[in-house]
Amino acid sequence: MQLYSKRLVNIALFELVRLFLTKRGLLAVAVFSICWLIVLRYAIGEAVNLLSSPDFAGFIDQIFGAIGLSKLLTWPEAELAVYWLIALYSFPSFCLFLCADQTVGDRQRGTLRFLSLRATRAEIIFGRYLGQLLILIALLSITLVATLAMLSYREPSLFVAASSHSLILLGYLVVAVMPYIALMGFINTFSRSARLAFIVAILFFAGGKITVGLLTWQFPALEVLNYVFPGYQLADMAAQDAGLMLAVGLPLIQTIILLIAAERIFARSSL
């Protein structure tokens, strides 16, 4: 497996160019921005008002306690607590759509042969993955900065503490989305279109979890199969109950395995 950093970086930067400097990419960014403006204004803004309202304090305590999220109520940065919940579940799901076309589109257009003359297949797989990861980091950073701005406007004294807290949240969110990007890269190696890759991913999560649930019902020891699915740790992360191994170690291991599998299949597939 040959990897040259310059070619990896060029492939990754091309992914950023495709998103931010093309009409189709800018349209996707515009739709994403409008959706998150609505989330910030109505979901996060209104939820913060409810969390800080003494009239709803007891009711909120009961709800969050029942679903295991009571620790979030202790955060002084209410906006970040609500953002954490929304981003932790929405961005991994968004990855399935955003990252559905990593290599399959080039295979359809016939440009994959052209790319393979200037880079190894491993560089194409890892470069595209890195590019998608950079895109997600950029989008996460934009939404997090917007949330931080809302928080600072409401309570300027929390800005310093919230800034350091935001960096920690960003790190956890980036690690959480990594296996989802790798999964879509893996599915791209045998899918015929981006739409089919997205459908296969949905079936993998829906059908796979139902199958594992039925198997676990008969053989409880097979519950370990849940670790195959990216996002298994999200509920524990949301409740702040996930240890470092579960929150960081598991998604990193999933990512490495999926990328290696994708590279092996891609190396042996016809272009």
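Start by selecting Leu215, which is partly exposed, with a relative accessible area of 34%. Keep in mind as you click around that this is a predicted model. Leu215 is found in helix H9.

Next, show the whole of helix H9, residues 194–218. How far apart are its end C-alpha atoms? They are 36 Å apart, and this agrees with the 36 Å that 25 residues should span at 1.5 Å a residue. Colour Ala197, Ala201, Phe205, Gly208, Val212 and Thr216, which are buried. An α-helix has 3.6 residues a turn, so residues three or four places apart point the same way. To see what covers the buried residues of H9, bring up helix H4 (78–98) and helix H8 (159–188), which are among the elements doing that.

The whole structure has 13 aromatic pairs. One of them is Phe204 with Phe205: the ring centres are 5.3 Å apart and the planes sit at 75°, so this pair is edge-to-face. Phe204 is partly exposed at 27% relative accessible area, whereas Phe205 counts as buried at 13%. Phe204 also pairs with Phe229, this time tilted, at 5.1 Å centre to centre and 45° between the planes. Phe204 lies in helix H9 and Phe229 in the loop between H9 and helix H10 (234–238), so the pair ties together parts that are 25 residues apart in sequence. Phe229 is buried, with a relative accessible area of 4%. For another set of rings, select Phe32, Trp36, Tyr83, Phe91 and Phe94, a cluster linked by ring pairs.

Now for the charged side chains. Side chains of opposite charge can pair when their charged atoms come close. How many salt bridges does the structure hold? There are seven. Pick Glu79 and Arg154, whose side chains meet in a salt bridge (2.6 Å, N to O). This pair links distant parts of the chain, with Glu79 in helix H4 and Arg154 in helix H7 (residues 121–154), 75 residues apart. Is Glu79 buried or exposed? Glu79 counts as buried, at 3% relative accessibility, while Arg154 is partly exposed at 37%.

From Glu79, draw a distance to Asn49: the C-alpha atoms are separated by 9.5 Å, though the two residues are 30 residues apart along the chain. Asn49 lies in helix H2 (residues 23–51) and is partly exposed, at 44% relative accessibility.

Jump to helix H5 (residues 104–109), where Arg109 and Asp106 lie three residues apart, about one turn of the helix. Their side chains meet in a salt bridge (3.1 Å, N to O). Arg109 is exposed at 52% relative accessible area, but Asp106 counts as buried at 6%.

Then go to Glu263 and Arg264, a salt bridge whose closest N and O atoms are 2.7 Å apart. Glu263 is buried, with a relative accessible area of 4%, and Arg264 is partly exposed at 37%. Elsewhere, shared partners join Glu15, Arg18, Asp106, Arg109 and Arg128 into one salt-bridge network.

Glu15 is buried, with a relative accessible area of 2%. Show its surroundings: leaving out residues up to four places away in sequence, Glu15 touches Arg128, Gly131, Gln132 and Ile135.

Notes: Residues numbered from 1 in each chain as written. Predicted model: local features only at pLDDT ≥ 70, side-chain atom pairs only at ≥ 80, totals over all residues. Heavy atoms only, no water. Buried < 20%, exposed > 50% of the residue type's maximum accessible area, 1.4 Å probe, protein only. Contact = heavy atoms within 4.5 Å. Helix = DSSP H or I, 4+ residues; strand = E, 2+ residues; numbered from the N terminus. Expected span 1.5 Å × (residues − 1). Phe/Tyr/Trp six-rings, centres within 6.5 Å; stacked < 30°, edge-to-face > 60°. Salt bridge = Lys/Arg side-chain N within 4 Å of Asp/Glu carboxyl O.
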